[in-house]
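Please take a look at the sequence and the structure below. A short tour of the fold and of the contact between the chains comes after them.

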Amino acid sequence: MKIVVAIKQVPSRDSLLKVNSSATWIEDADLTWEINEPDAYALEAGLQLKEKAGGEVIVLSAGPERAGQTIREALAKGADRALHIETDEAGITDPLTLARLMARALEPEKPDLVLTGLQSDDLGYGQTGVILAEAMGLPHSTLIMNIEAEGNRIKVKRELEDGWFQYVEMPLPALLAIQSGATKLRYATLMGIKKAKSKEVKRMSAAELSGPGGVSIRLERIYMPEKSKHSQIFDGPPKEAVAKLVEKLRFEARVI
Amino acid sequence: MSGVLVVLEQREGKLHKIAFEALAAAQQFGAELSVPVFAAILGSGVDAVAQTLTGYKLDKIHAVDHELLKDYTPDGYSAALKGLIEVHQPGWVIFPHTYQVRDFAPKLATQLGRVLVSDVVGHRVENGVLVLVRQLFQGKINADFHFEGEAPHFASIQAGAFRADNLQPGSASVEKTVPTLTPDQIRTRPLELFRESARAVDLGAADTIVAAGRGIREAENLAMITELAAALGAEVAASRPICDNGWLPMQRQVGSSGQTVAPKLYIAIGISGAIQHLVGMKGSKTIVAINKDPEAPIFEIADYGIVGDLFQIVPALIEALK
């Protein structure tokens with residue numbers, strides 16, 4: 001089975017974020033970067049499927065040059081090769097424009113299965129997978145906990161709300177957006193890291209892949225959220241802060 | 001019709017809780033943009049549920065009815081709605097941000113060459129232009145979005161962003177539409193629905209909840225959370241990653257994929273406050289946050305907070321409560 005996994009490089013989860021001076025994006029000069037965690041689960045699902053059913057795992061990522069590091073890490077975990085759509089430093093903030101580029105990059109590959117994470121930690125649209133499926137003309141399903149391949153069909157377990165699940169069947173090729181947390185993530189082995197250095201990364205520019213189609217939404221500005229409640233923050237040594245908190249809970253909020 | 005079309009989700013003849021909030025949002029947008037508001041409900045035999053909406057201020061309720069819409073599929077739902085939109089040409093199409101909407105609305109928007117502004121938490125109208133607010137970076141940053149180019153414009157509304165008790169009463173009629181759908185258009189086959197375990201824990205009934213998040217780092221550290229809960233006579237809960245790791249059973253998960261709670265006291269420990277968690281607990285009367293990151297979104301909704309190392313603060317808190 002030829003499996004493509006779309007991954008994105010995002011700022012580390014514990015980053016302290018600052019809005020840039022033009023309020024168009026965050027200050028990204030001093031950040032550390034990592035794989036978008038939901039995409040790590042998509043990669044894990046792809047690698048497990050390959051181990052069961054055979055085939056190859058191709059990683060697809062759109063991002064500036066620095067995304068190459070995240071691609072290498074995916075190769076070190078066991079992906080066979082990669083496609084890197086190089087964008088400028090700011091990246092692409094419109095999921096339809098991005099998915100169209102990804103669809104064009106995948107045209108010569110004709111994958112059996114495309115996997116994505118559920119959403120990105122940065123823009124958080126939660127849409128790129130579904131849009132990519134439409135752009136590639138593939139059936140799709142989202143919030144996938146488990147995949148069983150049965151010949152040229154797959155049966156997936158999909159999470160619904162409120163503790164419900166559902167099995168869904170569909171023909172291949174197809175696209176699945178994977179739910180996070182359904183399996184344990186693997187670490188790269190030393191051997192994997194060594195092997196990754198010689199694996200193929202095909203680079204293509206966003207400009208050479210771009211085609212017709214305009215934008216229909218625009219990110220106008222970003223800002224720190226206003227606090228909707230007036231929070232009282234207690235500081236000082238833990239004992240003092242805790243004493244103030246307990247006093248407030250007892251005598252002001254009266255909840256303990 | 002060039003108004004606002006709100007697509008309301010139903011299952012087995014019952015409207016989704018957030019559907020009413022999306023309806024409230026659509027009514028507000030309609031009033032502020034001075035355009036009519038229409039509702040649509042999809043399914044098979046949805047007339048009865050459509051009739052339950054006739055008491056609201058709406059220009060029409062479209063009951064989009066077809067045997068092939070009985071079980072939800074992204075292909076069926078997007079094809080049916082695409083047809084409705086092409087006939088009536090709404091300016092804006094509003095959805096509740098449910099799991100089902102996440103599954104098909106981006107596909108529908110793509111078919112029409114548009115992008116859905118997903119997970120909207122606020123809005124304003126500036127010089128007749130609708131500006132929508134959504135959150136980036138797990139709730140750490142807000143962003144304003146506006147639409148460009150031709151209608152229709154698509155948006156989905158986050159749970160808790162608009163209040164269903166602000167719904168405007170009125171009188172509306174139901175118009176049944178039968179979309180053109182054929183079985184070969186539907187490529188995915190939905191099978192049985194099931195639940196994995198009965199809900200033994202009803203967090204909704206708890207007066208006090210102590211909830212742990214990623215910040216506790218190791219399963220062993222849950223011991224001090226349990227100890228704190230015991231000191232307070234509280235139930236223990238958690239954000240999703242803790243339950244995914246198997247450190248606590250899924251029944252103790254609070255958030256959009258777990259339980260919704262509103263206790264008198266909710267203590268969030270090592271929980272950054274991603275929107276998926278906040279929607280499950282922001283109705284709590286008093287919220288306490290303990291987190292090392294002063295910018296964590298949990299502090300935006302907390303009444304009281306301590307910024308610092310939870311491994312020092314929680315033991316001190318247990319000591320202080322003894």
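## About the model

This is a predicted model, in which local features need pLDDT of at least 70 and side-chain atom pairs count only at pLDDT 80 or more, while totals for chains, interfaces and linings use all residues. Residues are numbered from 1 along each chain as its sequence is written, and chains are lettered from A and ligands numbered from 1 in the order in which they are written.

## Chain A at a glance

Chain A has seven helices and 13 strands; these are DSSP runs numbered from the N terminus, with helices being H or I of at least four residues and strands E of at least two. Its C-alpha trace spans about 65 × 45 × 40 Å along the principal axes.

Of the 256 residues in chain A, 43% are buried, meaning that 20 or more other C-beta atoms, placed from the backbone, lie within 10 Å of the residue's own. Take the contacts in chain A between residues at least 6 apart in sequence: 70% of them join residues at least 24 apart. Two residues are in contact if their C-beta atoms, placed from the backbone, lie within 7 Å.

## Helix α3 of chain A

Helix α3(A) covers residues 95-106, and its twelve residues reach 16 Å from first C-alpha to last, close to the 16 Å expected; the expected span is 1.5 Å times one less than the number of residues. Nine of the twelve residues are buried, so α3(A) is largely enclosed by the rest of the structure. Among them are A:Leu98, A:Arg100 and A:Met102.

## A sheet with strands from both chains

An open sheet of ten strands, with mixed pairing, runs in the order β12(A)-β9(B)-β8(B)-β7(B)-β10(B)-β6(B)-β1(B)-β4(B)-β5(B)-β11(B). Strands pair if DSSP finds at least two bridges between them. At the edges, β12 (217-223) of chain A and β11 (174-177) of chain B each pair on one side only.

Within the sheet, β4 (residues 37-43) and β5 (residues 60-65) of chain B run parallel and are joined by six bridges. One place to look is B:Leu42, whose bridge partner in β5(B) is B:Val64.

## Where the chains meet

The contact takes 71 residues from chain A and 69 residues from chain B. On chain A, the elements giving two or more residues include α3, β12 and α7 (238-251).

The chains also meet through β13(A) and β17 (residues 304-307) of chain B, which run parallel with three bridges. Here A:Gln232 stands opposite B:Tyr304.
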